[in-house]
Each structure stands twice: as structure tokens, then as C-alpha cells.
Amino acid sequence: MTPANLKLVSSVRCFNGEQRRYEHVSQTLNCTMQFSVYLPPQALRKDRVASVLWLSGLTCNDENFSSKAGAQRVAAQLGLALIIPDTSPRGEQVADDDAYDFGKGAGFYVNATQQPWAKHYQMYDYISKELLNLVTDALPLNGQMSISGHSMGGHGALVMALRETGRFASVSAFAPIAHPTACPWGHKAFTGYLGSDRELWRQYDAVELIRDGKKCPPLLVDQGGADNFLAEQLNFTTLQEAAEKHDLIAQLRLQEGYDHSYYFIASFIEDHLSFHKTYLKS
């Protein structure tokens with residue numbers, strides 16, 4: 001039975017499955033939220049299927065990945081559902097900023113402690129608790145889930161996989177902001193949302209969590225060699241060093257010539273979904 005709080009906004013046929021968009025009132029974020037879901041053909045036959053949670057990057061909402069990554073064909077073949085949240089709270093009453101890398105579209109998957117952001121910007125708890133409980137109750141999922149994301153969403157995916165021990169079978173990322181306490185994007189977002197407490201910052205930094213000995217599920221990361229954010233923002237080499245030092249089960253691949261765009265994601269999304277399928281039970 002679909003929860004009364006959940007409204008189906010749209011549904012279109014796609015590779016014999018369905019691409020859907022839902023709306024609900026979030027108690028965690030104190031606003032109305034939308035999220036997208038791809039259900040493969042197996043789920044429409046009422047089979048319970050494994051899923052991949054996708055976290056998008058700066059300026060995105062829940063529709064960028066579903067319309068640009070070309071993931072549905074592969075998800076249909078593998079029998080995987082795709083769960084695609086928005087990147088921030090939304091609505092006229094939600095605090096915002098004129099910059100692209102802060103405020104709406106840039107929630108950074110943290111629980112804000114600073115005003116005016118704390119009232120709505122509780123994205124970590126929204127996704128890891130409220131949304132996952134909601135989709136588990138409403139959709140034909142079997143409880144097995146992996147997590148992936150891009151850029152800011154790659155940061156969120158890595159952090160959730162490291163903090164939510166045992167929740168995700170595997171984790172992958174495209175060009176993640178791997179060490180946000182050591183880059184301009186992270187400094188800006190964490191100062192604004194979390195204040196000056198750098199110990200709190202570390203709780204949302206994948207490299208620092210790995211250094212602290214947090215268990216990481218099997219990991220795949222692709223980073224474009226022609227990514228214009230690579231040198232200043234992403235700290236790919238630092239992530240490589242931390243993964244190697246702490247003996248993670250990890251593939252960290254530098255893909256020469258690729259940039260930060262969805263063309264890059266579309267080129268390797270089949271690898272990532274196939275990687276997750278290896279660790280997800282039927």
C-alpha cells in the first residue's frame with residue numbers, strides 16, 4: 001500500500017519499466033519534496049528488486065540523472081531500481097543564496113546546524129532515514145541497496161556509505177568531492193551550514209572518515225582526467241592514498257580525456273551499475 005503522504009506526479013514507460021516522479025511532504029526538511037524512481041520490468045511484475053540510490057551534484061535536482069545519464073537501459077537489464085532524490089530542500093519558504101554552490105541545489109548532504117539553514121537543510125537525515133524508509137514502504141524493493149553519486153553527490157554517497165555501516169552493499173562515485181574539508185567548495189558549504197566546528201566538518205569528509213578507520217563497502221570511483229575541477233576541488237589523489245593505506249576493496253580509475261559532465265557519467269554508468277549488481281542479492 002502506498003503511504004498517504006506520497007503522490008505520484010508522473011510516470012512514463014521506459015525499457016519496459018517505468019520512470020516515475022513522486023511528491024511528498026518531508027517532516028525532516030519541513031517542506032514539500034520531489035524525487036524520481038526508475039522501476040525495472042521485474043518490479044512491475046511485482047518482484048521485489050535491489051536498488052541503487054543516486055545522489056546528484058551541484059545545481060541539479062532529481063531529474064538530471066534520469067534524463068541525461070542513460071541509466072535506465074542498464075538498470076532494466078540488471079533488474080535494478082534507481083532511487084534519485086533532490087539535492088536540497090525546495091520552496092519559497094526555504095532559505096537560499098545567489099551563488100550556485102550554496103543554498104538551493106547545493107545541500108551538500110549534511111544536517112545544517114546554523115541559521116537560517118538548520119530549519120530546512122537536514123539532507124543527511126532526510127535521505128538516510130526518511131526517504132529510504134518511505135521508498136522501502138511504498139515500492140517493491142527487497143532491502144538490498146547500493147549507493148552512487150556525482151561530484152557533490154559523490155561526496156554524499158561516500159560519506160553515507162562510510163557512516164551508515166552495513167546499509168549499502170557497495171558504493172561508487174563519479175568525480176566526488178572526496179576531501180571537502182580541504183577544498184573551496186567544502187570550506188564554503190561547511191562554514192555556512194555547520195559553522196566553525198571542524199570536528200563536525202570531519203563527519204562529512206570521506207577521506208577523514210577513511211583515516212578514522214570507518215568501514216567502507218566495495219568501492220568504485222571514476223575521475224575524468226580533463227575535469228576542470230580536478231586540481232582545486234576534488235582531491236582524487238588524496239582519496240587514492242587513503243584507500244590504499246587503509247586496504248579498502250577499491251577501484252579508483254583516472255579516465256583520461258573525460259570532463260565533469262553527464263557525458264562522462266553516461267560513458268561509464270554501465271560499469272557502475274554492473275559493479276553494484278555484483279554485490280546486490282537477487
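The legends below describe several close-up views of a predicted model.

**View 1. The residues listed as the active site in a UniProt record.**
The unreviewed UniProt entry lists Ser 151, Asp 227 and His 260 under "active site". Although these residues are spread over 110 residues of sequence, they cluster in space, and the largest C-alpha distance is 10.9 Å. Ser 151 is placed in the loop between β6 (141–150) and α5 (152–163), whereas His 260 is found in the loop between β9 (250–255) and α11 (262–279). Ser 151 has a relative accessible area of 3%, so this residue is buried; His 260, at 12% relative accessibility, also counts as buried, because the cut-off for that word is under 20%. The side chains of His 260 and Ser 151 make a polar contact of 2.9 Å.

**View 2. The surroundings of Ser 151 and His 260.**
When residues up to four places away in sequence are not counted, Ser 151 touches Phe 174, Ala 175, Pro 176, Ile 177, Trp 185 and His 260. With its neighbours within four places in sequence left aside, His 260 is in contact with a set of residues that includes Ser 151, Ala 175 and Asp 227. Among the other contacts of His 260 are His 150, Asn 228, Phe 229 and Leu 234.

**View 3. A stacked pair of aromatic rings, Tyr 22 and Phe 35.**
The count of aromatic pairs in the model comes to 18. In the pair shown here, the ring centres of Tyr 22 and Phe 35 lie 5.5 Å apart and the planes meet at 25°, so the pair is stacked. Tyr 22 belongs to strand β2 (residues 17–26) and Phe 35 to strand β3 (residues 31–39), and the pair links distant parts of the chain, 13 residues apart. Tyr 22 is buried, with a relative accessible area of 6%, and Phe 35 is buried as well, with a relative accessible area of 1%.

Tyr 258 counts as partly exposed, at 30% relative accessibility, whereas Phe 264 is buried, with a relative accessible area of 0%. Both residues belong to a cluster in which ring pairs link Trp 54, Phe 65, Phe 174, Tyr 258, Phe 264 and Phe 268.

**View 4. Arginines over aromatic rings.**
Arg 163 lies over the face of Tyr 124, at 4.2 Å from the ring centre. Arg 167 lies over the face of Phe 168, at 5.7 Å from the ring centre.

Cys 14 is found in strand β1 (residues 6–14) and counts as buried at 18% relative accessibility. Apart from residues up to four places away in sequence, Cys 14 touches Gln 19, Tyr 38 and Gln 72.

**View 5. Gln 233 and its contact with Trp 185.**
Gln 233 lies in helix α9 (residues 230–234) and is buried, with a relative accessible area of 6%. A polar atom of the side chain of Gln 233 lies 3.0 Å from the backbone nitrogen of Trp 185. Leaving aside neighbours within four places in sequence, Gln 233 is in contact with Ile 177, Cys 183, Pro 184 and Trp 185.

**View 6. Backbone details in two loops.**
The peptide bond from Gln 115 to Pro 116 is cis, with omega near 5°, and Pro 116 is placed in the loop between β5 (80–84) and α4 (123–138). Tyr 109, which also lies in the loop between β5 and α4, has a positive phi of about 55° although it is not a glycine. At 1% relative accessibility, Tyr 109 counts as buried. Asn 235 lies in the loop between α9 and α10 (236–245), and its phi is near 55°, a positive value in a residue other than glycine.

Notes. Residues are numbered from 1 along each chain as its sequence is written. This is a predicted model: local features need pLDDT of at least 70, side-chain atom pairs count only at pLDDT 80 or more; totals for chains, interfaces and linings use all residues. Side-chain values use heavy atoms; hydrogens and water are left out. Rings of Phe, Tyr and Trp (its six-membered ring) pair if their centres lie within 6.5 Å; planes under 30 degrees apart count as stacked, over 60 as edge-to-face and the rest as tilted. Helices (H or I, at least four residues) and strands (E, at least two) are DSSP runs, numbered from the N terminus. Buried means under 20% relative accessible area, exposed over 50%, partly exposed in between (1.4 Å probe, protein chains only). A charge sits over a ring if NZ of Lys or CZ of Arg is within 6 Å of the ring centre and within 35 degrees of the ring normal. UniProt positions are given in the numbering used here, feature names are shortened, and annotations may be inferred rather than shown by experiment. Contact means heavy atoms within 4.5 Å. A polar contact is a pair of N or O atoms within 3.5 Å; within protein, one must be able to donate a hydrogen and the other to accept it, and residues adjacent in sequence count only if both atoms are side-chain atoms.
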